[in-house]
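Biologist: I have just opened this one and would like a guided tour. Please start with any term I will need for the loops.

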Amino acid sequence: MRSTADLFRLMRSIPDFRRYGHLQEEFGFDHWHVKSPYRRRPYKRRVVAVIDGFAPETVVEIGCGLGEIICRIKAPRRFGFDLEASVIEGAKALHGSAVAFHQGDLCKPVAIAAIVGGPIDVLVAVNWPHMLPFDDIVTAIAGLTDRTPVRTLIIDTIHPDRPGYQHYHTVGDVRRLGDVTATVSGGDFIRELHAVRLSQ
Ligand SMILES: C[S@@+](CC[C@H](N)C(=O)[O-])C[C@H]1O[C@@H](n2cnc3c(N)ncnc32)[C@H](O)[C@@H]1O
């Protein structure tokens, strides 16, 4: 049964369901993006708040989807990358040039570093790292930090009692990347968000 808060979020999301549904018809991206707008998914707001706390100059979100998180972050240089070209087209249609959106894969960090072209204050990867074994994430992040300095990573881990995810990384896994400076709840009983000062 849905909670009152959940129903409230669902109702507030109706305009976004419509808008994103039209974009999906045009660009053909995955339905997840239509059913998961910002007002429906409390973790997105928490990610934005955590990142704004760093007052960053350059923020790069990998796996940005329609850009709902990156477009709300206050930073002069913002980049959004996603594997799926179709969702990147949707993000561009929604947000114009306020954020630099590109098709890109974290596992191909050379291309990402070349596009960003300088140090990254905050790198964001949320609600998809559970698709990869943690070894692949470590390799990909090392590939990026070899090419450009990256100060802080924001990454999530999924609670082990939530069924249906491919990988359940632990805070111990996340510590392989550097010092975990903060951990907060995603506000959804699904995930925790970690800020990691990356080892360079
Ligand atoms: C569930 S959506 C989450 C989107 C966004 N992070 C959010 O929370 O609103 C996951 C997105 O990650 C993208 N993705 C998955 N693996 C990726 C990778 N290796 N590099 C870049 N994007 C990836 C998918 O294409 C998809 O758009």
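Modeller: Helices (H or I, at least four residues) and strands (E, at least two) are DSSP runs, and they are numbered from the N terminus. This is a predicted model, in which local features need pLDDT of at least 70 and side-chain atom pairs count only at pLDDT 80 or more, while totals for chains, interfaces and linings use all residues. Residues are numbered from 1 along each chain as its sequence is written, and side-chain values use heavy atoms, with hydrogens and water left out.

Biologist: Okay, loops then. Where is Ala 55?

Modeller: Ala 55 sits in the loop between α4 (42–52) and β1 (58–62), and its phi is near 40°, a positive value in a residue other than glycine. Most residues other than glycine have a negative phi.

Biologist: And is Ala 55 buried or exposed?

Modeller: Ala 55 counts as exposed because its relative accessibility is 63%; buried means under 20% relative accessible area, exposed means over 50%, and partly exposed is in between, with a 1.4 Å probe and protein chains only.

Biologist: What about Asn 127, buried or exposed?

Modeller: Asn 127 is buried, because its relative accessible area is 16%. Asn 127 lies in the loop between β4 (120–125) and α7 (134–145), and its phi is positive too, near 60°.

Biologist: Which residues does Met 131 contact, leaving aside neighbours within four places in sequence?

Modeller: Met 131 is in contact with Gln 166 and His 167 once those neighbours are left aside, where contact means heavy atoms within 4.5 Å. Met 131 belongs to the loop between β4 and α7, and it counts as partly exposed because its relative accessibility is 43%. Between Met 131 and Tyr 165 there are 34 residues of separation in sequence, but 7.4 Å in space, C-alpha to C-alpha.

Biologist: Let's go inside. Which residues have the most contacts inside the largest nonpolar core?

Modeller: Val 60, Ile 62, Leu 123, Ile 141 and Leu 153 have the most contacts inside that core, which has 25 residues. At least two of its residues come from each of β1, β2 (77–82), α6 (109–116), β4, α7, β5 (150–158) and β7, and α7 gives the most, with 5 residues. A nonpolar core is a set of buried Ala, Val, Leu, Ile, Met, Phe, Trp, Tyr and Cys residues joined through side-chain atoms within 4.5 Å. There is also a second, separate core of 21 residues, which includes Ile 73, Ile 88, Val 126 and Leu 193.

Biologist: How many residues of β4 are buried?

Modeller: In β4, 6 of its 6 residues are buried. On the pairing side, β4 runs parallel to β1, with 3 bridges joining them, and β4 also pairs with β5 in the parallel sense over 5 bridges. Two strands pair if DSSP finds at least two bridges between them. Leu 123 in β4 stands opposite Val 60, and Leu 123 also stands opposite Leu 153 in β5.

Biologist: Which strand is joined to β6 by 7 bridges?

Modeller: That is β7 (residues 191–198), which runs antiparallel to β6 (residues 178–185). Ala 182 stands opposite Ala 195 in β7, and in the hairpin of the two strands, with 5 residues between them, Gly 187 takes a positive phi near 75°.

Biologist: Switching to pockets: how much space lies in the largest one?

Modeller: About 1,100 Å³ lies in the largest pocket. Of its 42 lining residues, Trp 32, Ser 36, Tyr 43, Asn 127 and His 130 are the closest to its centre. A pocket is, on a 1 Å grid over the protein atoms alone, an open set of points where a 1.4 Å probe fits, with protein on both sides within 12 Å along at least five of seven lines, and lining residues have an atom within 4 Å of a point. Grid points are joined across faces, edges and corners, and the volume is the space filled by probe spheres set on the points.

Biologist: Last one: is Val 34 buried or exposed?

Modeller: Val 34, in helix α3, counts as buried because its relative accessibility is 7%. Not counting residues up to four places away in sequence, Val 34 touches Phe 17, Tyr 20, Gly 21, Gln 24 and Phe 29.
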